[in-house]
Every structure is written in structure tokens, then in C-alpha cells.
Amino acid sequence: MIPATRDEQRRLLELQRVDTTIRQLEHRRTNLDEQKALDDNADTLRRVAAEYSSSSEELDGLQRRQKHLEEDIGQVEGRRRSEEGRMYSGLINSDRELEALRGEISALRSRKNQLEDQLLEVMERTEELDSLVATLRLRHSELTAAVERLTAARDAAAVGIDAELETARVRRVAATEGMSPEVVTVYDDLRPRKGGIAVAALEGRTCGGCRLDLTATEMEEAKERSARGLTRCEQCDRILVLA
Ligand SMILES: [Zn+2]
């Protein structure tokens, strides 16, 4: 049996109350409504930021492609004009050469048509993306503002809980002061195995931990043992503190 004075046994109950308070405060701290709202918005912001970035990249690519196509069209058009100029210059007399030139001009025309079709597709996609990127930009800035606002709200809510936690931790230190380290160790080892409740008051004949009644014999033993040290509930193994 672990020796413990009556006073130490009573202080174990106080220690238990403080630890229960700390556990509840820590639970509230990690489950703040403000924290949940913040997490939700931060998740959405990450998704929107990724989409915004990939859409912007695609738009940049399209704008480069559009510029290249316009340059190519200009070059093809320039060549066609110059070939037409040669054809109508009257300097070419050979039928074979004229025929070749006509073929060349026709090929340049259809090349230009192809390029213009491609340009049209690029411009249509650019228009779609322009509007998507604008929507995403707006959504991104709204979400960024919301995350900032919610972070401040979460911090404000947490400040109150942190202050209560600080007070509870000071109370915990005070509760263990002067107590036998052996008693505190038994309590600390037992607590995680007993759902956070290692000490129970005996209420009449009922264990405050498991709500089961002690038999008459167990009552006698508990009284006798608690005069000298820690007594445990036969049913749930918690430390029993007699009034
Ligand atoms: Zn019990």
C-alpha cells in the first residue's frame, strides 16, 4: 500500500478537479468554433490558390501562343504579297514558273487560313480563361481576407481559454506542493488508464468513479486502509477518497 495522509488524499481530489478542468479547457481550445471556420476557409483558400495559379499559367501560355500565331500569320501574309507582287510584275514569262508561283501562293493562303483557325480557337479559350481567372482572383482575395479575419477571431477566443489554462496550471502546481512524490506518481500513472479520472470520492457506499456500491466488508477495509494510505476501488481500481 502507498502511504498517504488524510490531507494528501483530500488534495488528490483537488488535483483531480484541476486536471479535469485542464482537460476540458484543452478540448475547448482545440475544438473552437472559430478554429473550425478557420480550417474550412484555409482549405478552400488552398484549393482556390492552386486553381488560380494553374489557370493563370495556362492563360500566360495562351497569350504567348496568340502572339506567335499573329507573327506567323504576318509572315505568311508578307510572303504571299511578295509572291503575288512577283507574279504580277510581268517579269516572269515562263508558264512553268508562273504555275509554280500560283501553287506557292495558294499554299500560303491555305497556311494562313489554318493559322487563323488556330488563332480563333486560342482567342476563344483565352476569353473563357480571362473570365475564370478574374473570378478566381476575386475569390482568392475574399478568402485571404476571411482567413485573416478568422485567424484574429480564433486568437481572440483562444486568449480567454489560455488565461484560464494558465490559472488552472498554477492551481495544479499548488495542489501537488508538499505531496509525497510517490502518491503523485500513482495518480499520474493511473489517470490516462482511467479516462482521465484516477481519484473518486466515496459517496455513501458508492464509488464516485464507477458508481458501484461497496460491500459491507469492502467498506470496512476501505476505512481501515484509508487511515494509513491509498485505498482503491475493487471494481474500477480508482483511488477512493473517504469523506
Ligand atoms: Zn469504482
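Colleague: Where does Gly-196 lie?
Modeller: Gly-196 is in the loop that runs between helix 4 and strand 1. Helices (H or I, at least four residues) and strands (E, at least two) are DSSP runs, numbered from the N terminus. The model is predicted, so local features need pLDDT of at least 70 and side-chain atom pairs count only at pLDDT 80 or more, while totals for chains, interfaces and linings use all residues. Residues are numbered from 1 along each chain as its sequence is written.

Colleague: Why does Gly-196 count as partly exposed?
Modeller: A residue is buried if 20 or more other C-beta atoms, placed from the backbone, lie within 10 Å of its own, exposed if 12 or fewer, and partly exposed in between. Gly-196 has 13 C-beta neighbours inside 10 Å, and therefore counts as partly exposed.

Colleague: Which residues is Gly-196 in contact with, leaving aside its neighbours within four places in sequence?
Modeller: Thr-20, Arg-23 and Arg-191. Contact requires the C-beta atoms of two residues, placed from the backbone, to lie within 7 Å. The C-alpha atoms of Gly-196 and Arg-23 are separated by 8.2 Å, although the two residues are 173 apart along the chain.

Colleague: Why does Arg-211 count as exposed?
Modeller: Arg-211 has 11 C-beta neighbours inside 10 Å and so counts as exposed. Arg-211 sits in the loop between strand 2 and helix 5 (216-226). Its phi is near 65°, a positive value in a residue other than glycine.

Colleague: And Asp-237: why does that residue count as partly exposed?
Modeller: With 14 C-beta neighbours inside 10 Å, Asp-237 is classed as partly exposed. Asp-237 belongs to the loop between strand 3 and strand 4, and its phi, near 75°, is again positive in a residue other than glycine.

Colleague: What is the order of the strands in the open sheet?
Modeller: The order is 2-1-4-3, with mixed pairing among the four strands. Two strands pair if DSSP finds at least two bridges between them. Strand 1 and strand 4 are joined by three bridges and run parallel; in this pair Val-199 stands opposite Ile-239. Strand 1 and strand 2 run antiparallel with two bridges, and Glu-203 has Thr-206 of strand 2 as its bridge partner. Two bridges also join strand 3 to strand 4, an antiparallel pair, where Thr-231 is opposite Leu-240.

Colleague: Which residues have the most contacts inside the largest nonpolar core?
Modeller: Leu-12, Val-183, Tyr-187, Val-199, Ile-239, Leu-240 and Val-241, in a core of 17 residues. Helix 1 (6-30), helix 4 (181-190), strand 1 (199-203) and strand 4 (239-241) are the elements that give two or more residues to this core. A nonpolar core is a set of buried Ala, Val, Leu, Ile, Met, Phe, Trp, Tyr and Cys residues joined through C-beta atoms within 7 Å. Not counting residues up to four places away in sequence, Leu-12 touches Val-183, Tyr-187, Val-199, Ile-239 and Val-241.

Colleague: What radius of gyration does the protein have, and what would a compact globule of 243 residues have?
Modeller: The protein has 41 Å, whereas such a globule would be near 18 Å. The radius is taken over C-alpha atoms, and the globule rule is 2.2 Å times the number of residues to the power 0.38. Along the principal axes, the C-alpha atoms fill a box of roughly 130 × 30 × 30 Å. Buried residues make up 13% of the 243.

Colleague: How far apart do the C-alpha centres of domain 1 and domain 2 lie?
Modeller: They are 73 Å apart. Domain 1 is 6-26 + 180-241 and domain 2 is 33-158; these bounds come from an automatic or database domain assignment.
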